[in-house]
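Happy to walk through this one with you. Here is the structure, followed by some questions and answers about it.

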Amino acid sequence: MFRFHKEGKASITLIGLVAVGIIAAAWLLVPSSLFWLQIILTVLAVDLLLFILQFFRNPVRQIAKLDNNVIYAPADGKIVVIEETTENEFLNEKCIQVSIFMSPLNVHVNRNPISGVVKYSKYHPGKFLMAWNPKASTENERTTIAYELPNGQRLVMRQIAGFLARRIVNYLKAGDQVKQGEDMGFIKLGSRVDLFLPLGTEIKVKLDDMVSGNLSVIGHLK
């Protein structure tokens with residue numbers, strides 16, 4: 001089933017009205033002798049509307065099976081980082097970082113990679129470096145969310161605004177009980193999601209892989 005995300009309601013309405021206005025002006029105000037201009041304006045208006053519709057699409061995707069040993073992709077996009085690092089905001093320990101870059105053409109819904117309790121949720125204002133820049137994880141506008149599984153394992157997910165993105169939406173707050181696969185937020189335009197997973201996690205993706213939220217498996221916890 002195809003649907004649009006609630007975060008796009010105002011934008012879709014606005015762009016829809018603009019597109020209708022452009023098309024109406026093209027065929028009512030532009031002389032028929034300039035038929036080529038009418039066509040160009042119509043095509044531009046339709047393309048603009050189609051772009052905003054595809055950007056806010058929110059396909060219904062059910063994970064194969066609820067399983068907290070499996071980390072599902074929280075976003076659509078390209079794997080741009082897989083490395084051992086230290087997460088210094090919440091975990092304060094070494095972990096495995098897996099980063100997903102979302103282009104403006106990807107679905108921009110963010111989803112819970114596991115079920116559990118939200119232990120930490122914090123928004124940070126910041127810069128708007130290119131999302132694939134290594135410094136984006138700590139210097140860009142971002143939101144950090146820490147999940148705790150029923151067995152006590154913890155992992156961190158970070159929503160990062162990119163060069164074009166200017167709004168991060170996060171629905172979670174500390175203490176929330178969340179379910180694997182449910183929507184947890186949205187990032188407008190190009191952006192990135194970082195996962196910080198426990199050492200020993202069996203990573204099932206490789207660099208440059210394209211992943212889909214709720215469908216692709218990032219890794220298996222040990």
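Q: In β10, which residue is the bridge partner of Arg 111?
A: This is a predicted model, in which local features need pLDDT of at least 70, side-chain atom pairs count only at pLDDT 80 or more, and totals for chains, interfaces and linings use all residues. Residues are numbered from 1 along each chain as its sequence is written, and side-chain values use heavy atoms, with hydrogens and water left out. Strand β4 and strand β10 (residues 183-187) pair in the antiparallel sense over 3 bridges; strands are DSSP runs of E, at least two residues, numbered from the N terminus, and two of them pair if DSSP finds at least two bridges between them. Within β10, Arg 111 has as its bridge partner Asp 183.

Q: What is the strand order in the open sheet that holds β4 and β8, and what is its average twist?
A: The sheet has 3 strands with antiparallel pairing, in the order β4-β10-β8. Because β4 (109-111) and β8 (168-170) each have a single partner strand, they stand at the edges, and one side of each is left without a neighbour in the sheet. From one strand to the next, the twist (angles run from 0 to 180 degrees between N-to-C directions, with axes as lines fitted to C-alpha atoms) averages 20 degrees.

Q: Is Ile 114 buried or exposed, and what is its relative accessible area?
A: Ile 114 is found in the loop between β4 and β5 (116-124). Leaving aside residues up to four places away in sequence, Ile 114 touches (heavy atoms within 4.5 Å) several residues, among them Val 70, Ile 71, Tyr 147, Leu 149 and Val 178. Its C-alpha atom is separated by 6.2 Å from that of Ile 71, 43 residues apart along the chain. Ile 114 is buried (under 20% relative accessible area, whereas exposed is over 50% and partly exposed in between, with a 1.4 Å probe and protein chains only), and its value is 0%.

Q: Which residue in the turn between β2 and β3 has a positive phi?
A: Strand β2 (residues 77-87) and β3 pair in the antiparallel sense over 9 bridges, and Thr 86 stands opposite Lys 94 in β3. The two strands form a hairpin with 5 residues between them. The turn residue with a positive phi, about 55 degrees, is Asn 92.

Q: How many residues of strand β3 are buried?
A: Strand β3 (residues 93-102) also pairs with strand β11 (residues 191-198), in the antiparallel sense over 8 bridges. In β11, the bridge partner of Ser 99 is Asp 194. Strand β3 is mostly covered, and of its 10 residues the buried ones number 8.

Q: Which residue in β14 stands opposite Glu 202?
A: Another open sheet of 3 strands has antiparallel pairing and the order β1-β14-β12. Its edge strands, β1 (70-72) and β12 (202-203), each pair on one side only. Strand β12 is joined to strand β14 (residues 217-220) by 2 bridges, running antiparallel. Opposite Glu 202 stands His 220.

Q: What percentage of the residues of the chain count as buried?
A: The secondary structure comes to 3 helices (H or I, at least four residues) and 14 strands. Along the principal axes, the C-alpha atoms fill a box of roughly 70 × 35 × 30 Å. Of the 222 residues, the share that count as buried is 50%.
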